[in-house]
Amino acid sequence: MQTLSILKPDSVAKSNIGAIISRFESNGLSIAAMKMLHMDEAQAGEFYAIHRERSFFNDLIHFMTSGPVVVMVLEGDNAVEKNRALMGATDPKKAEVGTIRADFADNIDANAVHGSDSEENAKIEINFFFSKNEIVNAA
Ligand code: ADP
Ligand code: MG
């Protein structure tokens, strides 16, 4: 199974790329695709279109376009659920000890990582950032 992960601008700015990728690799998630990019407002708005009506939408887009991100396809058994468990709760104050957000996130805006929340959304989000020939067989 595959899922989409984004290391958000705070993770890149704080040089936490390697430490966070290590969490994935040491927990059975392999990297099947990876790139760095700096999203513009249109791209971030389209990616987060599901949140367009939420009060935090403008803050979310502002933050996600504030610097470069690392976008990855992670592959492994139960990749969607496993990644969500490794990430921890959206609000780092509520994230379990030892999770990525508990260890690397500052607040609910700068919360270190994005992860797909369902297999269906994982497919949509992977297609949003990657073409087929950019994804390798990581198994
Ligand atoms: P998750 O990233 O855990 O899947 P959501 O999909 O609900 O969380 O929200 C997307 C992103 O929007 C979150 O990661 C967070 O950065 C931001 N966000 C969510 N809820 C809030 C909130 N109540 N206030 C501010 N930002 C929020
Ligand atoms: Mg989400």
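Guide: What follows covers the pocket, its lining and its ligand. Keep in mind that this is a predicted model. Start with the space itself. The largest pocket holds about 620 Å³. Its lining comprises 24 residues. Nearest the centre are Tyr 48, Ile 50, His 51, Leu 60 and His 114.

Next, the elements behind that lining. Helix H3 (41–47), strand E4 (113–115) and helix H7 (119–129) each contribute at least two residues. H7 gives the most, with 4 residues. By class, the lining of the largest pocket splits into 9 nonpolar, 7 polar and 8 charged residues.

Around ligand 1 are Lys 8, His 51, Phe 56, Leu 60, Arg 84, Thr 90, Arg 101, Ile 108, Asp 109 and Asn 111. Two of these names return from the centre of the pocket: His 51 and Leu 60. The shell around ligand 1 counts 3 nonpolar, 3 polar and 4 charged residues.

Then the polar contacts. Arg 84 places a polar side-chain atom 2.8 Å from an oxygen atom of ligand 1. Arg 101 also uses its side chain: a polar atom there lies 3.0 Å from a ligand oxygen. Ile 108 takes part through its backbone, where a polar atom is 2.8 Å from an oxygen atom of ligand 1. As for cover, ligand 1 has 520 Å² of accessible area on its own, and the protein covers 77% of that.

Definitions and conventions: Residues are numbered from 1 along each chain as its sequence is written. Chains are lettered from A and ligands numbered from 1 in the order in which they are written. This is a predicted model: local features need pLDDT of at least 70, side-chain atom pairs count only at pLDDT 80 or more; totals for chains, interfaces and linings use all residues. Side-chain values use heavy atoms; hydrogens and water are left out. On a 1 Å grid over the protein atoms alone, a cavity is a set of points where a 1.4 Å probe fits but cannot get out, and a pocket is an open set with protein on both sides within 12 Å along at least five of seven lines; lining residues have an atom within 4 Å of a point. Grid points are joined across faces, edges and corners, and a volume is the space filled by probe spheres set on the points. Ala, Val, Leu, Ile, Met, Phe, Trp, Tyr, Cys and Pro count as nonpolar, Asp, Glu, Lys and Arg as charged, and the others, Gly among them, as polar. A residue is near a molecule or strand if one of its heavy atoms lies within 4 Å of it. A polar contact is a pair of N or O atoms within 3.5 Å; within protein, one must be able to donate a hydrogen and the other to accept it, and residues adjacent in sequence count only if both atoms are side-chain atoms. Accessible areas come from the Shrake-Rupley method with a 1.4 Å probe; for residues, only the protein chains shown count as cover.
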